[in-house]
Amino acid sequence: MQHIKEKNGLKVTFVEPMGAYSNVFAQFMTIPMLGPLYLATIAEKAGYSVSVLNENILGRKIKPSELNNVDILCVSCITTTVERGKSIAREYKKLRISLGLTSRTIIGGIHASMIPDDVINDFDQVFVGEAETKILDVLRGRIRDKIIYGERINLDNVPVPNFRLLKNWEKVKPLPVMTSRGCPFNCTFCSVTEMFGHQYRTKSIERVIEEIKSYETDHFFFVDDHFVLNKNRTKKFLNLLEDNKLNLRWSCQIRTEASQDQGLVEQMRSTGCKTVYIGFESINPESLKEIKKGQTVADIKHSIKVFKDNGINVHGMFMLGSDSDQKEIFRLTSSFCKENGLTSVQYLILTPLPGTVFYRKMEKEGRLLHKNWEFYDALHVVFKPRNFTPAELQLGMVDCFSDFYSYTHAFNDALNTFFETFAVLIKKMYRKVHFPSFVSPLVKLFGIRIVRNWIIYNKPYIEYLYRIALNNKIQDKTNE
Ligand code: B12
Ligand code: SF4
């Protein structure tokens, strides 16, 4: 991509809003979406005066007065943050008008890309898809369409994101790096394929190394949906990390398949991989089939064991509430996570996110409870489950969290780690082994407060779900 530098004096600000309840999680969420950073970097190279404001990283809401000298406001939203994004755009416009100044607002990101009509009245322009090749034409006003369509880009053509454009960039830890886009799978709850396509597009590994070398940190999170899809490519990349003597601490998102290659797992560990994030989704074989995840419970168990044995922490993500889930799913999932020794877990509610097969199904069957997007964050029940009341599903998730992040579990985990350390000391006399880490029990203790805060903040929503259950009962009676 060739950019002609032109000091045009226009001030462009990219904003990533926070979600409604993110005050509970915000202090821990110091990873920005890369989209605004790529686009801001391109705009800055082209001569615009650019800044990026991320409400989670700021730890507070942006004040309208901070935007009074902004000529073009670019807002980047996922579904749960879109209402806040709309409100920022409204406040900005009101302020600029009151100052007798012109204003322009553009929205992009996955929510706007999946349902542009939802935001069309709140912004001057809506961008659908990947924007790197078109952002300058949009900013320059050369594309005036109300809805603009992007194109799938060549990842080697995007510049290295300049994190210094982000206010409070020092807080970004670990630094996100993306080495690929797209996914060949077809999970019914996921919109990644709709957004980035089925083709797995990769950045050249040499480019990734260059990018990593250019940052003043050794701590990275590879935010690819699949850091290991092409195992040979990943191995070559890890070889390059070794060749360049880059001593990093890193984590990544992977599928269970990555654990099938012992050599790869060992290399991940030796090059500094500390934690893998895996979407296990369910321990119910029927649910795995229903959501078309393309993995089995045996795959899940195997991958946890392999990573743990190799000294890599496993963060497991589980989704509750599919039509195949029965009431015992909560107890079973909770026991599974403890028995298999996951370091940390995230229990999510299966959520009909716009653009997914699951969303279309729930809409067609009239099962969406509401379209208050703030609650579409996979932590709130927003649809009518088949085998539970909405409140039962919500509380089932809370129970799973409370069971995992508890003093009892932390204590048992610490005790296990203590005994495992002994066992390892003995095995160490005969072969190379990895010492268990006390990170796991500490994580459990740390999670207790987050879960408690979540329950306190969400009391009104839980009460709302109870009222729905009661209303449903009344309706059932009328139907009898
Ligand atoms: C890293 C990541 C995270 C990080 C941090 C993200 C953050 N700051 O919100 C963590 C792990 C904390 C996280 C948390 C969550 N995440 Co997340 N995450 C991602 C991931 C893997 C990568 C994001 C990224 O950098 N993408 C790469 C860049 C290039 O894409 P992009 O930002 O969309 O930008 C491009 C376009 O959208 C467009 N664009 C974007 N903004 C703008 C603005 C303008 C003006 C224009 C013109 C264009 C434009 O151009 C950009 C360049 O091509 C994505 C999956 C994915 N592949 O994107 C999921 C994803 C965004 N997450 C998702 C979800 C659901 C969540 C959670 C709700 C899950 C949960 N309960 O934990 C939370 C919510 C966080 C929040 N903000 O409140 C969903 C969102 C779906 C939706 N419709 O809402 C995604 C798509 C994953 C999925 N499987 O569906 N996430
Ligand atoms: S959940 Fe993961 S594997 Fe499934 S479609 Fe989405 S990105 Fe691909």
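What is the handedness of the crossing of α8 and α9? I opened the predicted model with that question. The crossing is right-handed.

**Entry 1: the helix pair**

I looked up the geometry next. Helix α8 spans residues 205-214 and helix α9 spans residues 231-243. They pack at an angle of about 40 degrees, and their axes are 10 Å apart. That makes α8 oblique to α9, because an angle must be under 35 degrees to count as roughly parallel. I then listed the residues of the contact. From α8 come I205, V208 and I209. From α9 come R233, K236, F237 and L240.

**Entry 2: the whole protein**

I stepped back for the totals. The protein has 18 helices and 14 strands. It has 480 residues, and 41% of them count as buried.

**Entry 3: the six-stranded sheet**

Which strands form the open sheet, and in what order? I read β7-β10-β11-β12-β13-β14, with parallel pairing. The edges are β7 (175-177) and β14 (344-349). Each has a single partner strand, so one side of each is left without a neighbour in the sheet. Neighbouring strands are turned by 20 degrees against each other on average, direction ignored.

β7 pairs with β10 (residues 219-222) in the parallel sense, over three bridges. P176 has F221 of β10 as its bridge partner.

**Entry 4: Q253 in β11**

I picked one residue from this sheet. Q253 lies in β11, which runs over residues 249-254. Is Q253 exposed, partly exposed or buried? I found 18 other C-beta atoms within 10 Å, so Q253 is partly exposed; buried would need 20 or more. I then looked up its contacts, leaving aside neighbours within four places in sequence. They are V223, D224, D225, H226, F227 and Y277. I also took one distance: Q253 and V228 are 8.2 Å apart, C-alpha to C-alpha, and 25 residues apart in sequence.

**Entry 5: β4, β5 and β6**

β4 (residues 104-108) and β5 (residues 125-128) pair in the parallel sense over two bridges. I106 is bridged to Q125 of β5. β5 also pairs with β6 (residues 147-149), again in the parallel sense, over three bridges. There the bridge partner of V128 is Y149.

Most residues other than glycine have a negative phi, and most peptide bonds are trans.

- The peptide bond from K173 to P174 is cis, with omega near -10 degrees. P174 lies in the loop between β6 and β7.
- K245 is not a glycine, yet its phi is positive, about 50 degrees. K245 sits in the loop between α9 and β11. K245 counts as exposed because it has 6 C-beta neighbours inside 10 Å.
- K292 is not a glycine either, and its phi is positive, about 60 degrees. K292 lies in the loop between α11 (285-290) and α12 (297-309). With 13 C-beta neighbours inside 10 Å, K292 counts as partly exposed; exposed would mean 12 or fewer.

Conventions. Residues are numbered from 1 along each chain as its sequence is written. Chains are lettered from A and ligands numbered from 1 in the order in which they are written. This is a predicted model: local features need pLDDT of at least 70, side-chain atom pairs count only at pLDDT 80 or more; totals for chains, interfaces and linings use all residues. Axes are lines fitted to C-alpha atoms, for helices over the stretch in contact, and angles run from 0 to 180 degrees between N-to-C directions. Helices (H or I, at least four residues) and strands (E, at least two) are DSSP runs, numbered from the N terminus. Angles under 35 degrees count as roughly parallel, over 145 as roughly antiparallel, 65 to 115 as roughly perpendicular and the rest as oblique. A crossing is left-handed if the near helix is turned anticlockwise from the far one by less than a right angle, and right-handed if clockwise. Two residues are in contact if their C-beta atoms, placed from the backbone, lie within 7 Å. Two strands pair if DSSP finds at least two bridges between them.
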